[in-house]
Amino acid sequence: MLQLFSWLPFLKTIPPAQPAPPKTEVEKRHNGRQRKNRNEFTTYYNRPIIKKAHWNWPIWIYFWLGGIAGGASAISTLAELLGKKEQNRSIVRLGRYISLFGLVISPALLIIDLQRPERFLHMLRVLKLRSPLSVGTYILTATGIVGGINAASQLVEDGLVPPESLPGKLVQLSSNGLTSGLQGIGGLGLGSYTGVLLSATATPLWAESYKTLGPIFLSTAFSNGAAAISLVGLLTGMEDENLATLEQIEQIANVSELALTTLTSLSLKPEIQRAFLGSVYGKVSLAGVLVGQVLPFLLQRSGGDKPDRLRNFWVSLLVLFGGFLLRFGIIEGGKATSQNPQAYHAITRGEARPMPQTEQ
Amino acid sequence: MANGFFTDTTLCIGCKACEVACKQWNQLPADGYELTGMSYDNTVSLGATTWRHVAFVEQMNTKSQLPMANQGQHQGNASRAAADGGSPAALPLLNLNGTASLQVGYPEASRWLMMSDVCKHCTNAGCLEACPTGAIVRTEFGSVYVQPDICNGCGYCVPACPFGVVALAKDDGRAFKCTLCYDRQKEGMEPACAKACPTDSILFGEIENLKQVARQRVAELKEEGEEGAYLYGVDEDTSVGNLNAFFLLTDKPEVYGLPQKPFLPQSRVGESYLNSAIAALVLTVGTAFTLWRSFRKQAKIQKEREEW
């Protein structure tokens, strides 16, 4: 499978796996039990050194939905600030509803993921700036509050809640440019903090890509947010002009994503590349890049400038699907590298300690 | 005042009394009776219910002809041992019956390394910095302690530990690790493992005193011919800093399952935030420009339409 993509530049740097040395007479006699000389010990019986994170499906979905909500928040805020009422409304409206959906589901997913969900409020006991999980909790809470207010004001604007009613009046009083701006900033934080959260661990894959993981996640947040808005927009009759704009935003985010993921995979240490790209999750991440970034880019390029709703539909769907695959692959691939002692030794290598010479 | 452990692996006999004493005092459940087959280590690793773990490194001479099997090679061996830094005085011991022994200073001989691993109670602890609830604190004894009544099982401390110590309990959900017997220390007693250790391989005390003892021990061992002895976790130039539970080792750290140069996962978080902020700026400007251009175009078209 990996050979299929061997023309990709970042795959060329993976050194071929070493074939297992033939068994010596003594090893055969000991039937699998390791019997090694002093010089042959490079790990503790190949056992994992660090523990892996317990995160699974709630976190895969949260990282994806939270990213969509973050991107949609940022895009809808920018659209509101820059456009006039009649032009930007469809983007702003859908952006707010989509982020509300994400902002409601996300905390629920995070609480499910806690092993003691009844104690979720303990998260708000302290604020620790060096703990991205703590920072992220506050970002999610704050963005959820302003996102809720803005979505409620959108409901009033769309005539779903009468403006004269008490809730309608309350919403109009509380929602303004400030809440909109805060949602945009919160969205940027929501899109990127998850990457910082992963990189502030000892897990080899995540720790090694500490410079780019936040930017990668933010780029996917933008592309996925734009894709989600245009997908729902397509189904609810959005103007061609706005669809084209969203497609351009997707493209910008896609280019940034592609550049960052390529750069990151190139800069990984060979042990980590082997542990990550050699695992099934590495291949899923690769598929995520191809499906969510390369394929949409080629589709957009091939289509020309003419608005094409069918192409737009497929591009949005691919971007969203690829975004999920990439996040799933990075989470699970990171967990796989944490169980690989060679990968962890590779990132914790220091100067050798003075050891007496032993004869080979 | 900070208390800690000095674990001298050259004194460890692998009796696992520390594991048992820890389990008993802290009322930790058994982990089952699975045999690993890799060595006498059937505990495998530290975990939520295992706060001491004795590692067994069996370095066996795989050569069919052991160096001592041939008495005629005696002279050669003596000079070789001397060249390796071994003590010639120790050689008579090697030649009792011509079989390999675990004598120090003889690098070809088989040997067992045993190390009782434990939470290191790092100076800069990754778990403590990661904990978003403030459940993990530093106690008055300098140890890192998980408060079970605060922990909500978010599990972020688990991948944040550079030594793979803290873990979530499967049935309970909360994170657990060595407490450095906080309750016993409160009563002025030493931790259960140190109390139970029959060879004083595990020493408990004030860190500064322990360091003195440890340095003395390294010098002693070197004098006796164990050239590879060194301290792990003392005077470390890492972002984790010195370890409140440090070790005397005689082989590379990796052999014992320890990282050569551990790093504090949070030490680079500022740069990660900054890079994300730069990316946010670039993407915001790009998106804003795209939107602005599109809205201007739309306004222009609308204006033309109105003029028509």
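Helices (H or I, at least four residues) and strands (E, at least two) are DSSP runs, numbered from the N terminus. Of the 26 residues of H5(A), 19 are buried, so this helix is largely enclosed by the rest of the structure. A residue is termed buried if 20 or more other C-beta atoms, placed from the backbone, lie within 10 Å of its own. H5(A) is followed by Gly159(A), whose phi is positive, near 80°.

This is a predicted model, in which local features need pLDDT of at least 70 and side-chain atom pairs count only at pLDDT 80 or more, while totals for chains, interfaces and linings use all residues. Residues are numbered from 1 along each chain as its sequence is written, and chains are lettered from A and ligands numbered from 1 in the order in which they are written.

Chain B contains nine helices and ten strands. Of its 308 residues, 46% are buried. Among contacts in chain B with a separation of 6 or more, 63% join residues 24 or more positions apart; two residues are in contact if their C-beta atoms, placed from the backbone, lie within 7 Å.

Between the chains, 82 residues of chain A are in contact with 73 residues of chain B. Helices of chain A that each supply at least two residues to this side include H3 (57-82), H5 (132-157) and H10 (240-267). H10(A) gives the most, with seven residues.

Technical notes. A residue is buried if 20 or more other C-beta atoms lie within 10 Å of its own, exposed if 12 or fewer, and partly exposed in between; C-beta atoms are placed from the backbone.
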